[in-house]
Every structure is written in C-alpha cells, then in structure tokens.
Amino acid sequence: MSISSQDPSSPRQFIDVRKFTTQIVRHRSWFVSFIVLDILVVMAITSDPILIETWNYIVPGIAVTIQIAIVSFILATIVGLVTALGRISSNSLIYNSSTLYVELFRGLPLLVIILIFSFVITPALIDFVTTIPFLDDLLQHLVGIPEDRIATTLLRTRDIEETTRIIFAFALTYGAFMSEVFRAGIESIGRGQMEAARSLGMTYTQAMRYVILPQAVRNVLPAMANNFVLLLKDTSLASVVAVPEISHLTRQYSSNRFRYPQGLLILSFIYANLTIIMSMGVYWLESRLKTDKRED
Amino acid sequence: MTEPKQPIIQIRNASKRFRNVLALNNVNLDIHAGQVVVIIGPSGSGKSTLLRCINRLEVLDEGDIWVDGMQLDHSATNINRIREEVGMVFQQFNLFPNLTVLQNVMLAQQIVRKRSKDAAERTARGLLEKVGIPEKADVFPPKLSGGQQQRVAIARALAMNPKIMLFDEPTSALDPEMIKEVLDVMLDLAKEGITMVVVTHEMGFARAAANRIIFMDQGEKLEDTTPEGLFESPESQRLQQFLSKILSH
C-alpha cells in the first residue's frame with residue numbers, strides 16, 4: 001500500500017484517507033446514491049407547486065403513521081416478551097395457549113387481522129361491554145363522551161377510534177412475531193447461565209429477570225429494530241379502514257385529483273426516508289454489538 | 001468424623017436414569033460437616049450427576065437426599081432455601097458475562113440474601129481479595145483468563161455464605177498453568193473447614209486436601225476411603241485399573 005498511510009511518523013495523517021474512501025465506495029455507495037436521489041426529489045418537490053400541494057396534504061399523516069408504529073411496537077414488545085416466556089414454560093397449558101396464539105396470528109394475513117379487529121372484534125366487545133353498566137361508563141369516560149351524557153347513553157362502536165382498533169391488531173400480530181425473536185434470544189443463552197443463577201438460590205423469575213433476559217434482549221436488539229421497520233411499513237395497511245395515516249391520505253388525494261404519480265412519489269419519499277434511516281440505525285447497532293463481542 | 005452428629009448431606013438409595021443409561025445406581029453416602037470429599041471416577045461414571053442432585057439441578061428418579069436436615073425431593077421444601085446454603089462451582093465457570101466481576105459476586109447477595117448494596121459490595125471486595133484478584137473488580141468476565149474466571153466463580157458462590165460447596169470439575173476447562181491458582185484457593189477453603197464435595201481428576205489436590213475419597217464407576221459407589229487408602233491399598237479391581245490409567249504418566 002502507499003507509504004504515507006503506513007508511516008506513523010507522518011503527523012498530518014490522522015485518518016487513513018485511502019482506506020476510508022475504499023470503505024465508503026465499497027460498502028456505502030448505495031447510501032450515497034440514496035442521498036443524491038433524495039436531494040433530487042427534495043429539489044423537485046420544492047420547485048413544483050403541485051408537488052408542494054401534494055406534500056402539504058399528506059404530511060399530517062406522518063405523525064399518525066409514527067404514532068401507530070411506536071405505540072403498537074411498545075405493546076408488541078410487552079406481548080412478545082410475555083408470550084416468549086409462555087413458549088418456554090414447562091406448564092403445558094401455558095405453553096400450548098401461547099403457541100396457539102403465535103401460530104394463529106402468524107398464520108393470518110395482517111390485512112385480514114386488521115379487518116377482523118375493526119369490523120368484528122370491536123363491535124362484539126362493545127356489545128358485551130354495554131351489558132355491564134360500570135364498564136360501559138368507564139369506557140365512555142375514557143373515550144371522552146361528555147360527563148352529563150355518560151349515564152344515559154350506551155357506548156357505540158363508532159366511539160372507539162379506528163386508530164385504537166388497529167393498534168391492537170398490529171400489537172397482537174407483531175407480538176406474535178416478536179415472541180419468536182425473544183424466544184430465540186432466550187434460547188441462545190447457554191443452559192449454564194440458568195443453572196448458575198439457580199444454584200445461587202435465585203428463583204426462576206429472578207434468574208430470568210436479572211441474568212437471562214438482559215443478555216437475551218441485548219442479543220436480539222437488531223432483530224427487534226428490524227421488526228420495527230417492518231411494522232412501520234405495514235402501517236400502510238391501516239389505510240383500508242380509513243385511518244388518516246400517509247397511505248390513506250395519499251390515496252384520498254390522488255384519486256380525488258387524479259394525481260397518482262405525484263402522490264405516490266411523495267408517499268415513497270416519506271417511507272423510504274423513515275425506513276432507510278432506521279436501517280442505518282440497525283447496521284450501527286449490529287456493528288456496535290459485534291465490536292463489543294470481539295473485545296470480550 | 002469422631003462426633004456422631006447428623007450428617008450435613010445424606011444420600012439414600014439414589015438412582016437416576018438418562019434414557020437407557022443408568023447414571024446413578026443405588027448410591028448411599030453420608031457427608032459430615034467440615035469434611036472435604038473428593039469424588040473420582042472415569043467419565044460417565046455418575047460423579048457430576050451425583051453432585052448436581054445435591055442441589056437439585058438434576059432430580060433423582062428414586063431415593064432421597066437430605067441437605068442440612070431438609071429433604072430435597074419433599075414438595076414442601078423450598079429448593080431455593082437449600083440452594084442458598086449450597087454453593088456450586090461449574091466446569092465452565094458460568095459467570096454472568098453482562099455483569100462486571102464485582103456485580104457477579106454482588107447480585108445474588110442483593111436479591112436472594114437481601115443485603116444492602118454497601119454490605120454486598122464489602123463482602124464481594126473481601127472475597128475477591130481472598131481469591132487474589134481484587135484489581136479485576138470492574139472488568140467483565142470474558143476479558144479474564146480461565147483461572148481468573150473460575151476464582152471469581154468461587155468468590156460468587158462463597159458470597160452467599162454457603163455451608164456446603166460443590167465443585168464440578170473446576171479445573172477441567174483450564175489451561176495447565178492456571179490449574180494451580182484455582183486449586184490453591186480451594187486448598188485454603190478446605191483448611192477453613194467448609195464442607196466441600198469436589199469432583200475432580202486432580203489427584204494432587206485429592207491427596208493434599210481430601211478427608212475422604214469416593215470412587216465411582218458406572219453409577220455405583222465402589223469405594224469410600226481415605227487418600228492414603230486410595231493410593232496404598234485400592235480394593236476394587238476397577239479402581240486399580242482407573243488409577244493405573246491416570247497415574248501412568
């Protein structure tokens with residue numbers, strides 16, 4: 001290689017420029033191209049009044065999209081963790097019921113689950129709730145029915161927002177996916193760790209909480225982040241039940257004015273930026289965990 | 001033992017099967033407080049299984065074990081209570097890699113013994129001093145040598161103030177030059193009078209520290225003797241064969 005990059009006495013050579021450039025070209029060209037493309041699209045949007053109008057119409061949906069993704073993801077993580085513990089349980093009732101849940105929700109298309117939650121489960125639950133006055137009043141209070149009317153009215157299906165309904169669909173579907181991630185993580189920790197913890201007098205729960213799970217979760221952080229990216233993209237399915245997220249707004253806008261190319265350009269632009277930035281985060285996380293391991 | 005006190009470990013008619021292998025075959029063994037018992041035998045002879053049954057990492061198919069007066073397989077017995085009194089050191093160390101050395105020694109003290117953080121840290125630092133690696137307190141275990149890791153594992157078990165220490169081939173996964181540092185720590189412990197049950201192939205340790213040597217083969221306890229008796233007058237033929245194999249070089 002070049003002499004200058006190997007010569008330690010050369011004081012100005014803080015980074016190996018050549019190695020750095022090779023690194024960028026070899027492994028990051030796709031990202032550089034993406035940024036260039038991104039800038040071109042931004043320039044196009046800012047210079048075209050129609051695209052600006054499209055942008056302004058769709059942009060409020062970003063908050064909804066991200067809100068659905070984050071809330072469902074948090075719920076899915078909790079559900080996934082609990083289910084994963086159920087899947088490794090020696091209690092056959094717990095094991096079988098959690099396995100049934102996982103297989104069922106992984107086996108149904110997400111779109112179908114969303115439709116079921118919106119049009120079947122929520123109305124059925126409401127019918128049930130209205131037979132119990134206490135629950136009925138409580139839920140009416142939670143969804144913001146004026147206090148003076150709570151006593152005299154019953155909860156109606158349309159009082160429950162579509163966003164709330166589909167968040168449960170996402171949380172339970174991704175909970176099933178996440179439980180497999182966590183289960184793999186827990187099973188990746190050697191049996192000796194549990195034995196060591198138990199031999200010190202810890203209960204199963206203590207051993208899980210203080211010894212196994214911290215290591216397991218750390219091992220599956222990249223997989224969790226990947227699931228978040230997938231979930232974020234899948235929120236577009238919420239458009240079928242008219243949740244005002246970006247896909248729904250795009251369809252609305254495009255079909256009203258026959259501006260499909262413009263609408264879909266903006267929509268793809270937004271999704272690509274959200275997901276690719278997060279993918280970069282995943283790469284970073286993976287490489288960090290890898291170097292940590294190497295130092296071990 | 002001269003005093004006819006109740007043994008701290010009583011094993012009665014212990015049998016254990018793994019599929020079609022008989023790992024333990026009707027083993028009876030009494031161990032008194034303060035004894036250092038070394039269990040030897042060829043691999044697959046049931047030594048480790050016997051040890052792991054004492055703190056119920058394995059469950060007996062038949063027979064009973066009493067530890068410190070508590071019966072192990074009895075449903076009313078709180079197994080965690082017994083495990084608090086029985087420390088265990090593993091062949092593969094099994095330190096918690098996500099915690100520092102100090103935290104490894106502190107964790108169980110805090111959540112099982114409910115000691116305060118300060119008290120746990122004081123005990124932990126004292127024990128790390130004792131096993132000779134106080135300077136490694138804030139290092140993560142994977143950065144230590146095998147011998148250092150095993151010494152931390154011993155400190156971690158001792159931190160619970162166990163009445164009994166079980167050692168499951170503590171030096172078998174170590175490079176030769178690290179075996180001594182671990183055996184030295186174990187010798188010190190033996191002198192302090194803690195009850196120890198050690199599965200090992202280290203005959204030097206057996207000779208120097210053991211009160212009793214148990215020879216096992218194919219799940220059976222074949223000989224229960226003293227170190228002198230073992231080397232000078234091995235009774236069973238299988239023990240003679242075993243000794244000639246391990247002492248030949």
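**Reading backbone, helix and interface features**

Guide: At 45% relative accessibility, B:Asn26 counts as partly exposed, and I begin with this residue, keeping in mind that the model is predicted.

Visitor: Where is the place of B:Lys114, and does one read it as buried or exposed?

Guide: B:Lys114 is not a glycine either, yet its phi is positive at about 60°. Its place is in the loop of chain B between helix H3 (101-111) and helix H4 (117-130), and with 63% relative accessibility it counts as exposed, because that term applies over 50%.

Visitor: Turning to helices, at which residue does helix H6 of chain A bend, and which residues of H6(A) are buried?

Guide: The general idea is that an α-helix has 3.6 residues a turn, so residues three or four places apart point the same way. Helix H6 of chain A, residues 110-129, bends by about 40° at A:Phe117, and A:Phe117 is itself among the buried residues of H6(A), which also include A:Leu110, A:Ile113, A:Ile114, A:Ser118, A:Thr122, A:Ile126 and A:Val129. The cover over these buried residues includes helix H5 (92-107), helix H7 (133-142), helix H9 (162-188) and H11 of chain A.

Visitor: How many residues are in contact between chain A and chain B, and what area is buried between them?

Guide: Contact joins 19 residues of chain A to 25 residues of chain B, while the area buried between the two chains is about 1,900 Å², with carbon and sulfur atoms giving 60% of it. On the chain A side, A:Glu195, A:Ser199 and A:Leu200 lose the most area to chain B, and together they account for 31% of what that side buries.

Visitor: Which side chains meet in a salt bridge, and which helix gives the most to the side of chain A that touches chain B?

Guide: The count between the chains is 1 salt bridge, in which the side chains of B:Arg52 and A:Glu195 meet at 2.6 Å, N to O, and the count of residue pairs in polar contact, both at pLDDT 80 or more, is 4. Helix H10 (191-199) and helix H11 (204-234) of chain A each supply at least two residues of the side that touches chain B, and H10(A) gives the most, with 8 residues. The residues of that side divide into 7 nonpolar, 7 polar and 5 charged.

Key: Residues numbered from 1 in each chain as written. Chains lettered and ligands numbered in written order. Predicted model: local features only at pLDDT ≥ 70, side-chain atom pairs only at ≥ 80, totals over all residues. Heavy atoms only, no water. Contact = heavy atoms within 4.5 Å. Buried area = accessible area lost by both parts, 1.4 Å probe. Polar contact = N/O pair within 3.5 Å; in protein donor to acceptor, adjacent residues only side chain to side chain. Helix = DSSP H or I, 4+ residues; strand = E, 2+ residues; numbered from the N terminus. Nonpolar A, V, L, I, M, F, W, Y, C, P; charged D, E, K, R; others polar. Buried < 20%, exposed > 50% of the residue type's maximum accessible area, 1.4 Å probe, protein only. Bend = angle between axes of the 7 residues up to and from the residue.
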